[in-house]
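Student: I have a structure to go through before class. Can we look at it together?
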Amino acid sequence: MNRPLRHIAIFCGLLVLGLLLRANWLQHVDRQELAQHEHNARVRFERFATPRGDIIVGGKAITGSKETGSRDYAFRRTYKNGPMYAPVTGYASQARGTSLLERTYDSILSGQDDRFAFRHAKDVLTGQPRRGGDVITTIDAKAQKAAYKGLTDLGARGAVVALDPRTGKVLSLVSTPSYNPEVFAGITFKESERFTALEKKKGKPLANRPLRETYPPGSTFKILTAAAALEHGVVTDVDARTDAVSPYPLPLSSNKIGSEAGDTVCSKASMKTAMQYSCNNVFLDAAAELGEDRMRETAEKFGFNEDVYAEEFGDMLATKSLYPPKLDKPGTALTGMGQGSLTSTPMQMAMVTAALANDGKLMQPYIVDELRGPDLSTLEKNEPMEMSQAVSPETAKKVQEMMEHTAKEGSAQRALIDGVTVGGKTGTAQRGVDVRDEVPYGWFVSYGKKDDGRSVAVAVFIDPTDMDISRSDISGGRLGAPIAKSVMQAVLGD
């Protein structure tokens with residue numbers, strides 16, 4: 001054989017060897033992954049071949065399945081109050097796949113979990129149809145309804161998160177505008193067009209604002225700044241006057257920052273008074289004195305700069321809230337009032353509020369209480385888990401004192417409820433390079449406690465872009481406090 005033919009033969013031999021190796025790799029190494037891949041048509045057929053298990057809220061199913069008459073996709077998903085619960089359930093679409101709880105617990109809901117193998121074998125023998133298991137959520141139906149109604153009545157883009165401070169249970173998770181997962185649950189071209197239209201819609205109805213969107217938290221972050229100042233001894237007496245003048249000269253800058261309450265009220269005010277009237281100068285000064293390292297340390301104990309789950313794994317991962325690194329002195333001071341390059345999800349601010357209401361103990365948020373098999377047997381049950389002791393109980397109680405004073409005498413009065421101890425903090429967060437051209441965000445955080453030990457922490461976020469409202473009327477207290485109040489009443493009502 002001449003030399004060129006020998007080279008061609010060797011090259012062809014290597015190609016055949018490569019094909020054999022790849023075929024064996026696919027068959028023996030990647031087989032399981034490919035067999036379960038959501039874009040595998042057989043996986044999709046199997047997912048919708050039988051009635052899907054349900055997602056449960058308050059003992060009632062908020063999902064269902066109905067027959068389609070199709071051989072390949074025998075059942076399609078249905079939803080009750082779909083837009084209200086979409087940030088919790090996500091969607092299970094024959095064409096678009098799954099998201100959120102539908103994705104995280106797909107193997108349970110579709111009945112394909114390995115733990116069902118014995119039951120499925122029994123069903124084959126008895127001729128019973130296969131059915132998926134159920135996902136029992138921690139959501140409080142009344143709280144979810146109150147939060148959704150509050151936001152939709154405003155006509156606002158926004159989010160509400162409510163947590164049980166003692167356990168971390170997610171009691172409400174709402175995003176508006178929302179969408180109905182049922183309108184694109186099938187495989188038709190028309191339903192695919194509906195999904196595409198939702199993707200392009202200006203109001204971003206597919207966005208999960210409580211978990212996936214981050215914003216400057218504005219003055220609601222002052223409760224964390226106060227906790228940091230007390231924990232590190234920068235402030236020891238919340239009633240003592242401070243040296244922080246108003247307007248406040250930003251370090252290394254010619255800029256001075258005032259407060260809406262006015263310089264007479266805010267100049268050299270105590271931290272309690274500054275919380276009551278949301279005076280910027282006191283919190284700017286506290287952050288500047290603490291420095292970026294101690295501010296960041298405290299923020300991280302509350303969950304900033306960490307992956308935060310509303311579930312232990314899966315598609316319920318919240319976007320990371322950031323207390324940024326390498327801040328200069330002006331940037332550090334600005335974080336004290338919740339501005340600058342600081343960003344937070346509504347879930348994160350609910351966690352901060354819940355930890356302070358729980359005497360400084362931060363609990364891991366979770367949204368699924370229990371997983372049940374088709375025979376209603378318990379497969380898994382979640383238990384409360386502590387994330388950190390963010391601040392000492394003594395520090396937390398002092399912040400509670402200030403937040404409760406703010407609810408009684410300050411900007412959070414619209415959240416007060418008879419017979420309930422309420423603490424609150426308003427927030428208005430500027431955005432954009434030129435804040436005069438951008439509509440600010442509205443925030444409100446609060447907690448409510450009853451003598452019987454029940455409690456709830458709420459974070460309300462409002463983006464008034466689509467609202468017919470003047471800039472001067474945009475404030476967390478005016479817009480967010482009534483929503484927080486209705487959610488707290490829903491949870492704590494007799």
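This is a predicted model: local features need pLDDT of at least 70, side-chain atom pairs count only at pLDDT 80 or more; totals for chains, interfaces and linings use all residues.

Student: OK, the whole chain then. How many helices and strands does the secondary structure come to?
Tutor: There are 19 helices and 20 strands.

Student: And how much of the chain counts as buried?
Tutor: The chain has 494 residues, and 53% of them count as buried. Its accessible surface is about 22300 Å², with 51% of that belonging to carbon and sulfur atoms.

Student: What share of the contacts is between residues 24 or more positions apart?
Tutor: Taking contacts with a separation of 6 or more, residues 24 or more positions apart make up 69%.

Student: Let's pick a residue. Where is E191 found?
Tutor: E191 lies in helix α9, which covers residues 189-200.

Student: Is E191 buried or exposed?
Tutor: E191 is buried, because its relative accessibility is 6% and the cut-off for buried is under 20%.

Student: What does its side chain make a polar contact with?
Tutor: The side chain of E191 has a polar contact of 2.9 Å with the side chain of T188. Leaving out residues up to four places away in sequence, E191 also touches R76, E182, V183, F184, A185 and G186.

Student: Which other residues of α9 are buried?
Tutor: Besides E191, the buried residues of α9 are F195 and L198. These three cover an arc of only 60° around the axis, so they are on the same side of α9.

Student: What do they pack against, and what is exposed on the other side?
Tutor: The buried residues of α9 pack against β4. F189, K190 and K200 are exposed on the other side of the helix.

Student: How far apart are the end C-alpha atoms of α9?
Tutor: They are 17 Å apart. With 12 residues at 1.5 Å a residue, α9 should span 16 Å, so the two values agree.

Student: New topic: sheets. What is the strand order in the open sheet of five strands?
Tutor: The order is β2-β1-β7-β15-β16, and the pairing is mixed. The edge strands are β2 (60-61) and β16 (378-381); each has a single partner strand, so one side of each has no neighbour in the sheet.

Student: What holds strands together in a sheet, in general?
Tutor: Strands of a sheet pair through backbone hydrogen bonds, in a parallel or antiparallel way.

Student: So do β15 and β16 pair parallel or antiparallel?
Tutor: Antiparallel, over three bridges, with β15 covering residues 368-372. E370 has K381 in β16 as its bridge partner, and L371 has E380 in β16.

Student: How many residues of β15 are buried?
Tutor: Four of its five, so β15 is largely enclosed by the rest of the structure.

Student: Why point out a positive phi?
Tutor: Because most residues other than glycine have a negative phi.

Student: Where else does that come up?
Tutor: N81 has a phi near 50°, and its place is the loop between β4 (75-79) and α4 (82-89). L252 has a positive phi of about 55° and is in the loop between β10 and β11 (256-257).

Student: Are N81 and L252 buried or exposed?
Tutor: N81 is exposed at 52% relative accessibility, and L252 is exposed at 74%. Both count that way because the cut-off for exposed is over 50%.

Student: Last thing. Which peptide bonds are cis?
Tutor: Among them is the bond from T176 to P177, with omega near -10°. P177 is in the loop between β9 (170-176) and α9. The bond from S246 to P247 is also cis, with omega near 0°, and P247 is in the loop between α11 (222-231) and β10 (248-249). They get a mention because most peptide bonds are trans.

Conventions. Residues are numbered from 1 along each chain as its sequence is written. Side-chain values use heavy atoms; hydrogens and water are left out. Helices (H or I, at least four residues) and strands (E, at least two) are DSSP runs, numbered from the N terminus. Buried means under 20% relative accessible area, exposed over 50%, partly exposed in between (1.4 Å probe, protein chains only). A polar contact is a pair of N or O atoms within 3.5 Å; within protein, one must be able to donate a hydrogen and the other to accept it, and residues adjacent in sequence count only if both atoms are side-chain atoms. Contact means heavy atoms within 4.5 Å. Accessible areas come from the Shrake-Rupley method with a 1.4 Å probe; for residues, only the protein chains shown count as cover. The expected span of a helix is 1.5 Å times one less than its number of residues. The arc is that of the directions from the helix axis to the C-beta atoms. Two strands pair if DSSP finds at least two bridges between them.
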